[in-house]
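Work through the exercises below with the sequence and the coordinates at hand. Each task is followed by a solution in steps.

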Amino acid sequence: MKSLLVLGALLVSASPVIADDYLYFRCNQSGDLVITNSTTSKIIEDRYLEDIAYVKVDFKKKTVFDTRSAEPLSFTIQNNVITVLTKAEYNEVKINDVVKMNLLPPYPISSNGTIVFKNNNRTNTHRTIGTCEEIDASVFEKALKEAKS
């Protein structure tokens with residue numbers, strides 16, 4: 001009997017989002033983008049951003065895919081928070097970005113990072129916050145089609 005109570009408590013306390021293989025979200029974010037000259041550190045532009053992203057979370061593959069992205073990005077999950085770290089360096093670009101999304105409603109999301117464009121001596125620094133809402137897979141697929149056309 002005790003083992004049934006423990007199992008029941010575990011099932012009730014487990015996050016329902018982990019039970020599904022996929023979750024789909026529309027994320028509304030806003031924040032700041034500062035563009036500076038990498039050589040002089042002079043601010044070229046400082047502006048406010050508003051963005052809407054359509055995102056698919058694949059729990060089996062541990063990936064997140066934005067309809068505007070070229071490919072899914074890997075994530076880690078701890079305490080119902082997905083963390084996507086992007087650290088990459090190519091010939092012309094260096095990226096250092098962190099996105100965190102809580103898997104409990106109201107699904108807060110935040111990001112901050114830097115992209116250095118080496119050939120232009122330009123650095124883009126951004127910081128955003130927002131919330132996501134669950135959507136149906138068909139809404140994500142429609143947004144994906146629109147982004148690819």
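The model is predicted, so local features need pLDDT of at least 70 and side-chain atom pairs count only at pLDDT 80 or more, while totals for chains, interfaces and linings use all residues. Residues are numbered from 1 along each chain as its sequence is written, and side-chain values use heavy atoms, with hydrogens and water left out.

**Exercise 1.** Describe the surroundings of Glu-45 and Ser-111.

Solution. Buried means under 20% relative accessible area, exposed over 50%, and partly exposed in between (1.4 Å probe, protein chains only). Contact means heavy atoms within 4.5 Å. A polar contact is a pair of N or O atoms within 3.5 Å; within protein, one must be able to donate a hydrogen and the other to accept it, and residues adjacent in sequence count only if both atoms are side-chain atoms.

Step 1. Glu-45 lies in strand E2 and is partly exposed, with a relative accessible area of 33%.

Step 2. Leaving aside neighbours within four places in sequence, Glu-45 is in contact with Leu-33, Val-34 and Ile-35. The side chains of Glu-45 and Arg-47 make a polar contact of 2.9 Å.

Step 3. Ser-111 belongs to strand E8 (residues 108-117) and is buried at 8% relative accessible area.

Step 4. With neighbours within four places again left aside, the contacts of Ser-111 include Gln-29, Val-98 and Thr-128. Its side chain makes a polar contact of 2.6 Å with the side chain of Thr-128.

**Exercise 2.** Which residues form one aromatic cluster, and how are two of the ring pairs arranged?

Solution. Rings of Phe, Tyr and Trp (its six-membered ring) pair if their centres lie within 6.5 Å; planes under 30 degrees apart count as stacked, over 60 as edge-to-face and the rest as tilted.

Step 1. The count comes to five aromatic pairs.

Step 2. Tyr-24 and Phe-140 have ring centres 5.5 Å apart and planes at 45°, so the pair is tilted. Tyr-24 is in strand E1 and Phe-140 in helix H3 (residues 137-148), so this pair ties together parts 116 residues apart in sequence.

Step 3. Phe-140 is buried at 1% relative accessibility. The rings of Phe-65 and Phe-140 have centres 6.4 Å apart and planes at 65°, so the pair is edge-to-face. Phe-65 lies in strand E3, 75 residues from Phe-140.

Step 4. The cluster consists of Tyr-22, Tyr-24, Phe-65 and Phe-140.

How values were computed
Helix = DSSP H or I, 4+ residues; strand = E, 2+ residues; numbered from the N terminus.
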